[in-house]
Amino acid sequence: MKFIHIADVHLGASPNAGSACSKKRSRELWETFAGVIRTCEQEGTDLLLIAGDLFHRQPLRRELKEVDGMFASLSRTRVVLIAGNHDYIRRDSYYRTFPWSENVTMLREEHLEKVEFPELSLAVYGLSYHSREIREPLYEEERPSGSWKYEILLAHGGDENHIPIHKKELSAMGYD
């Protein structure tokens, strides 16, 4: 199985709003992301995992359409993504209702959920942020089911304000 894992892409970031530098940087982020999509297609990648903060802020509907168009262009690759602390799912977020392409699964829940891919003998577990900060170690509450050859935890966080992760405990949980 071939897969690519990315996080913290931060599309839509504009560190110095209005400056030529910020416009250039924003373009570079989109171009880099498009390069990841091209790589998935060229290499026949089975799975693209996006572990949060695909966007630097709440995504606009047109941005979701643009990203989904890229995902839909993938002839073989399945996509699983979660929202992170920057692009968290707030009440009015377009993430809540956006109709992703058939090859895309967004894990939208605040608690750990899983999506199964029998053709890959794989399950992916994950959750999305629904606020900017989550101080509870939510990943340590669940364990993989043991039903699949591969079981992957798609996680975003690591410090005391963003789902604390204790690496030693996490590595002992049984995820691949």
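Trainee: Is K114 buried, exposed or partly exposed?

Mentor: Relative accessible area decides this: buried means under 20%, exposed over 50%, and partly exposed in between, with a 1.4 Å probe and protein chains only. K114 has 35% relative accessibility and therefore counts as partly exposed. Please note that this is a predicted model, in which local features need pLDDT of at least 70 and side-chain atom pairs count only at pLDDT 80 or more, whereas totals for chains, interfaces and linings use all residues. Residues are numbered from 1 along each chain as its sequence is written, and side-chain values use heavy atoms, with hydrogens and water left out.

Trainee: With which residue does K114 form a salt bridge?

Mentor: A salt bridge is a side-chain nitrogen of Lys or Arg within 4 Å of a carboxyl oxygen of Asp or Glu. Here the side chain of K114 meets that of E116, at 3.1 Å from N to O. E116 is partly exposed, at 38% relative accessible area.

Trainee: How many salt bridges does the whole structure contain?

Mentor: The search finds 8. Among them is the pair R57 and E63, at 2.7 Å from N to O. R57 is partly exposed at 29%, whereas E63 is buried at 4%.

Trainee: Where is D87 found, and what does its side chain reach?

Mentor: D87 is in the loop between β3 (78–82) and β4 (104–106). With a relative accessible area of 0%, D87 is buried. For its partners, look for polar contacts: pairs of N or O atoms within 3.5 Å, where within protein one atom must be able to donate a hydrogen and the other to accept it, and residues adjacent in sequence count only if both atoms are side-chain atoms. The D87 side chain reaches the backbone nitrogen of L54 at 3.2 Å, and a polar contact of 2.8 Å links it to the side chain of Y95. The C-alpha atoms of D87 and R57 are 4.8 Å apart, although 30 residues separate the two along the chain.

Trainee: Which side chain makes a polar contact with that of H162?

Mentor: It is the side chain of N85, at 3.5 Å. H162 lies in the loop between β7 (150–154) and α3 (167–171), and counts as buried at 18%.

Trainee: How should I read a sheet, and what is the strand order in the open sheet of 3 strands?

Mentor: Strands of a sheet pair through backbone hydrogen bonds, either parallel or antiparallel. Two strands count as paired if DSSP finds at least two bridges between them. In this open sheet the order is β5-β6-β7, with mixed pairing. β5 (113–117) and β7 stand at the edges with a single partner strand each, so one side of each has no neighbour in the sheet. β5 and β6 (residues 122–126) run antiparallel and are joined by 5 bridges; V115 stands opposite V124 in β6.

Notes
Helix = DSSP H or I, 4+ residues; strand = E, 2+ residues; numbered from the N terminus.
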